[in-house]
Amino acid sequence: MSGGDMEAKLKAEINGGGGGGGVEDVYGEDRASEDQPITPWTVSVASGYTLLRDPRHNKGLAFTDKERDAHYLTGLLPPALFSQDLQEKRLMNILREYKVPLQRYIAMMDLQERNEKLFYKLLIDNVEELLPVVYTPTVGEACQKYGSIFRRPQGLYISLKEKGKILEVLKNWPEKSIQVIVVTDGERILGLGDLGCQGMGIPVGKLSLYTALGGVRPSACLPITIDVGTNNKKLLEDEFYIGLKQNRATGQEYYELLEEFMSAVKQNYGEKVLIQFEDFANHNAFELLAKYRTTHLVFNDDIQGTASVVLSGLVSALKLIGGTLADHTFLFLGAGEAGTGIAELIALEISKKTNAPLEETRKKIWLVDSKGLIVSSRKESLQHFKKPWAHDHEPIKELLAAVKAIKPTVLIGTSGVGQTFTKEVVEAMASMNEKPLILALSNPTSQSECTAEEAYTWSEGRAIFASGSPFDPVEYNGKVFVPGQANNAYIFPGFGLGLIMSGTIRVHDDMLLAASEALAAQVTEENYAKGLIYPPFTNIRKISAHIAAKVAAKSYELGLASRLPRPEDLVKYAESCMYTPIYGKYR
């Protein structure tokens, strides 16, 4: 036999029945080592091994004997049968053994990839314990280390390389009926700055809360990261960075990509898909919201969601500090998306309640940015979104001097800079007010303007305090103070559900006011007795249903709802629309 014949025979054996121990190489695993292309076949019906690898249908040890027989699972699982509750108990025990929050985050993400219904059951039943794991503050660290902990891709990545074919990329996503998209470009992740493509942790985390807290079906949620590069030098030099290694595209190139994306989303998913902008840098956030709010169903959580949740806290705090919103003076540290968004919504609410013009109600609200108090003499050099807040006053450089001059009753931090509410600032607030209202809203915990303990101690236990990230209860002079958390997760899941269930086509500011009032109405006398201005998260699905109902009612009232006829009982209808993560029975 010639050398050529021998080679052909060996190749035939490898490619056919001879290779791999005489078993035919159906999947092309042996041939994959050669330069020959192979077809990635998969089995189409979920049964057996495939069923266990499908997070939407997998039940793990909760498959019954009958189901195991019918779906070719016998022998692929240990013989024990666990109920979903027992699985939950087992996993919570494992999670509590992890001392490092990031380990818990990774374990939760693994569970989401393995068994979707169990992931959501854990999150719903243990919301106060697990919310800080899947969302702020742990999600911030996860984004910073996303390249190292990256296992399986979640969500959809659209980069500059896909310019001109974004519609095709959207069609690659397996689910066709999408109701909510959360999108980021990773330029301003929490208070951590530009994390580029690693910002994907934020849309993934937000959408898990849309499902757990607002009851939106997981299959209807789509997390997207738009990668236009990063200006983070550390990431550009990191060999494990998962995004485009180039500086951020800006100007026309950036806005053309966003325009293509917004058009493709509407073309692919229709008029009623909710697009939530998340963690865009200030200059782009305001521009994108202004540009698309009249043509798409868009919502910016950093500007509008934060504003709504903070306004709710202020309305609810009036029960503790007295007066109406119009009686109070507000001072902000930070004049970016969150600060100006909150300020505008407060002014709008006062205007609605007192019938005073917006220009007038804005004068009760003062903002301090990195250059000092925003005053009219600075107007020429201010960015457009800061201009409405430039009032007549002599220039003041420092926050402490501004507190002493303006004499605010409410101090709100949205600066993204930690430890800026110093002892002197809090003491000044306490010397002017019987019950100073102090909101340190920057995330994560490390960026909070002050801690709960500092606020209570420096104000001698008189402050009403809430923060953006969670703080533990504080004991001061024998009394236990429970700090509130002005977490956007109170608002956006219920807000989104209200828009979806009513088929709303545009977001109106009055819907944000309705959401704020609905949340404030959920705070009980018992909560107030503990100094809380927000209800506990344990009832969050009930709270979300009430918010959804109020938002939907406002949408019907404004003629923006397309789902007709209007349901009679909107709260009941909201509850009936909510996804519940209970295992189904398989035939």
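Biologist: How exposed is Y586, in terms of relative accessibility?

Modeller: Keep in mind this is a predicted model. Y586 has 23% relative accessibility, so it counts as partly exposed.

Biologist: And F63, buried or exposed?

Modeller: F63 is buried, at 0% relative accessible area.

Biologist: How many aromatic pairs turn up in the whole structure?

Modeller: The search gives 13 aromatic pairs. In one of them, the ring centres of F63 and Y586 are 5.8 Å apart and the planes sit at 35°, so that pair is tilted.

Biologist: Where do F63 and Y586 lie?

Modeller: F63 is in the loop between α3 (48-52) and α4 (65-70), while Y586 is in the segment after α26 (570-577), so the pair ties together parts 523 residues apart in sequence. There's also a cluster, with ring pairs linking Y456, F465, F471 and F481.

Biologist: Switching to helices: how do α7 and α12 cross?

Modeller: The axes of α7 (residues 116-125) and α12 (residues 201-214) come within 9 Å and cross at roughly 75°. That makes α7 and α12 roughly perpendicular, since 65 to 115 degrees counts as such.

Biologist: Which residues make that contact?

Modeller: From α7 it's F119, Y120, L123 and I124, and from α12 it's L207, S208, L209, T211 and A212. They split into 7 nonpolar, 2 polar and no charged.

Biologist: Last one: where's H391, and what does its side chain find?

Modeller: H391 sits in the loop between β8 (372-373) and α19 (399-406). A polar atom of the H391 side chain lies 2.8 Å from the backbone oxygen of I365. H391 is buried, at 8% relative accessible area.

Conventions:
Residues are numbered from 1 along each chain as its sequence is written. This is a predicted model: local features need pLDDT of at least 70, side-chain atom pairs count only at pLDDT 80 or more; totals for chains, interfaces and linings use all residues. Side-chain values use heavy atoms; hydrogens and water are left out. Helices (H or I, at least four residues) and strands (E, at least two) are DSSP runs, numbered from the N terminus. Buried means under 20% relative accessible area, exposed over 50%, partly exposed in between (1.4 Å probe, protein chains only). A polar contact is a pair of N or O atoms within 3.5 Å; within protein, one must be able to donate a hydrogen and the other to accept it, and residues adjacent in sequence count only if both atoms are side-chain atoms. Axes are lines fitted to C-alpha atoms, for helices over the stretch in contact, and angles run from 0 to 180 degrees between N-to-C directions. Angles under 35 degrees count as roughly parallel, over 145 as roughly antiparallel, 65 to 115 as roughly perpendicular and the rest as oblique. Contact means heavy atoms within 4.5 Å. Ala, Val, Leu, Ile, Met, Phe, Trp, Tyr, Cys and Pro count as nonpolar, Asp, Glu, Lys and Arg as charged, and the others, Gly among them, as polar. Rings of Phe, Tyr and Trp (its six-membered ring) pair if their centres lie within 6.5 Å; planes under 30 degrees apart count as stacked, over 60 as edge-to-face and the rest as tilted.
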